[in-house]
Amino acid sequence: MNTISTEQERIIFNFLKSRSCCLRCCLRFIGCRVPSCYIKPFEFATRMGYIETGDNSFSDEAPCVMCLGILQDKAQESVVAKITDKVKQKDFDCTTFTCALTVPISVKLREYIIYAYISKEINISESAVSSLRGKLHNIKDTWKLFITPQLEQTMGKRTDLSTPSPFLIETFLVYDDDEIIFEKLIKKYKDDKNKRKRKHNANTFSRKSLETLLTETTDDQLLQHFTISQIAPEKFVRADNVLCSHSSIFVGGRYNKLSRELSQTPWFVNGEKKVETSVQDLLCNPVAEAVKAESIRFLAAGREDVDVRNLHNGRPFAVELLNPRMTNITSELLAHLAANINRSTKQVQVTSGLKVLSRLDLYRLKEGEDVKTKFYRALCVCRGEPGDGLPQVENLNKLKNIEIVQKTPVRVLHRRPWIPRTRIVYEMRARWAKPEELTKLLRTAAESADRFFVLDVKTQAGTYVKEFVHGDFGRTKPSLCDFLNTEVDIVALDVTGINLNWP
């Protein structure tokens, strides 16, 4: 019968008690899962009749042979203090938290050894031992049950079991003599590897390799290699490290780029910064500083070249704030940040305000890279001989839904794969430039000023507009050069619209 009787549970409890296991390990081994039994284990064990009132058999003066002190109050007092100090030091304002725990690698081995001795020394069937293994309460879950209330009290935060908290506290417990217990098992592991003629690293013995080895090791082999007195620890576990992290928060909006000497992201060539600052620096750094983010990642619906402006409703963007410590981001704070950004620089302006984004918003931003349409205004010049006459640029207005094929432009071949891309130019509007439009951009002789024209174009996302104008040595087909039957070059380019529902 694959069950354990109440009487057998008591026998197993007393066996573990006599082998220097702590009270919480005794309870979790017989399958206790009521939270109160780990929060107040002595009261629970007394009420259930496992121990008598005043029983002082369980002492915290020596570490538990099974958990090394992970489930003992004496060892965990310092752990709680270290966690609390680290959280206060990092100053995360999130009101909830989630705990994660990493335990010494030998804990799993110790559990297997105890099971082997239960099978040997207690009159219990193999099926009952199998049932016992299935009832074992995980040591990490046990730890959380009694540590979490203490952390709630000391940190002034709470756990939310229904919704995982974005604030994670990871605690790494180590046992300094952890590998000493493995010496015989490691030797067996290496010998087996050598017999199978497999390559291995003699200096590593990972958690995964231990778990694999334990599944291949019988109880008899464990009894041969280990005695309970041999694995009795001399010291308690200690908290080697505590890491605090908050999941990313995304903030976004739209921006105008008003400079023709500004890259979208920091631009380095051979370690040398090519431009003083960038759109990313001007937009994202103030936000990251305000929320005390560890780092950022800039996301945008496409990008413009250094010499291209982005006007009118602006380009959609988002900034991923990694591990922010200030997480209560209000609309008032975002309005204040947007206003400060706009006051601090004339190169970039936030046009739509800022808002905290959802995952759906980010999906729309990513999806928009392929499905959105974009609007441009280009100042172009005909380079043909003056005696050839002016081309009929107005004829461009009749063209609709032109399919073009663009090989990777020469200017980006160093960072893009060499592949042809098919894009659609939906419509164009062309007119000869007015003198006042030229004076701001050019110092052109009067006799040649009549060769400039303004082109407004609506294209599919991903179209290389500069190359569509000048042809890129025939790498874009057809181009304006083909339509006008003359050499055409681009003087200045602006993005005038990005058709994306955002933010």
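Predicted model: local features only at pLDDT ≥ 70, side-chain atom pairs only at ≥ 80, totals over all residues.
Strands of a sheet pair through backbone hydrogen bonds, either parallel or antiparallel.

What is the order of the strands in the open sheet? The order is S1-S2-S3, and the pairing is mixed. Strand S1 (98–102) and strand S3 (238–246) are the edge strands. Each of these two pairs on one side only. From one strand to the next, the twist averages 20°.

Helix H8, residues 139–155, lies across S1 and S2. The direction of H8 is at about 130° to S1.

## Helix H6 against helix H7

Two packed helices are described by the angle between their axes and the distance between the axes. Take helix H6 (residues 106–121) and helix H7 (residues 126–135). Their packing angle is about 150°, and their axes are 10 Å apart. Why is the pair called roughly antiparallel? Angles over 145 degrees count as roughly antiparallel, so H6 is roughly antiparallel to H7. The crossing of H6 and H7 is right-handed.

Which residues make the contact? H6 supplies Tyr112, Tyr115, Ile118 and Ser119. H7 supplies Val129, Leu132 and Arg133. Sorted by class, the contact of H6 with H7 has five nonpolar residues, one polar and one charged.

## Helix H1 against helix H6

H6 also packs with helix H1, which spans residues 6–18. Here the angle is about 120°, with the axes 11 Å apart. Angles from 65 to 115 degrees count as roughly perpendicular and those over 145 as roughly antiparallel. H1 and H6 are therefore oblique to each other. Is their crossing left-handed or right-handed? The crossing of H1 and H6 is right-handed.

On the H1 side, the contact is made by Ile12, Phe15 and Leu16. On the H6 side, Ile114, Tyr117, Ile118 and Glu121 take part. This contact of H1 with H6 divides into six nonpolar residues, no polar ones and one charged.

## Two backbone details

Which peptide bond is cis? The bond from Lys477 to Pro478 is cis, with omega near -15°. Pro478 sits in the loop between strand S15 (476–477) and helix H17 (480–484).

His312 belongs to strand S8, residues 309–322.

## The domains

The domain assignment of the protein gives domain 1, domain 2 and domain 3. Domain 1 is written in two pieces, 63–193 and 205–245. Domain 2 covers 254–371, and domain 3 covers 374–498. How far apart are the C-alpha centres of domain 1 and domain 3? Those centres lie 67 Å apart.

Key:
Residues numbered from 1 in each chain as written. Heavy atoms only, no water. Domains from an automatic or database assignment. Axes fitted to C-alpha atoms, helices over the stretch in contact; angles between N-to-C directions. Helix = DSSP H or I, 4+ residues; strand = E, 2+ residues; numbered from the N terminus. Parallel < 35°, antiparallel > 145°, perpendicular 65-115°, else oblique. Left-handed = near helix turned anticlockwise from the far one by under 90°. Contact = heavy atoms within 4.5 Å. Nonpolar A, V, L, I, M, F, W, Y, C, P; charged D, E, K, R; others polar. Pairing = 2+ DSSP bridges.
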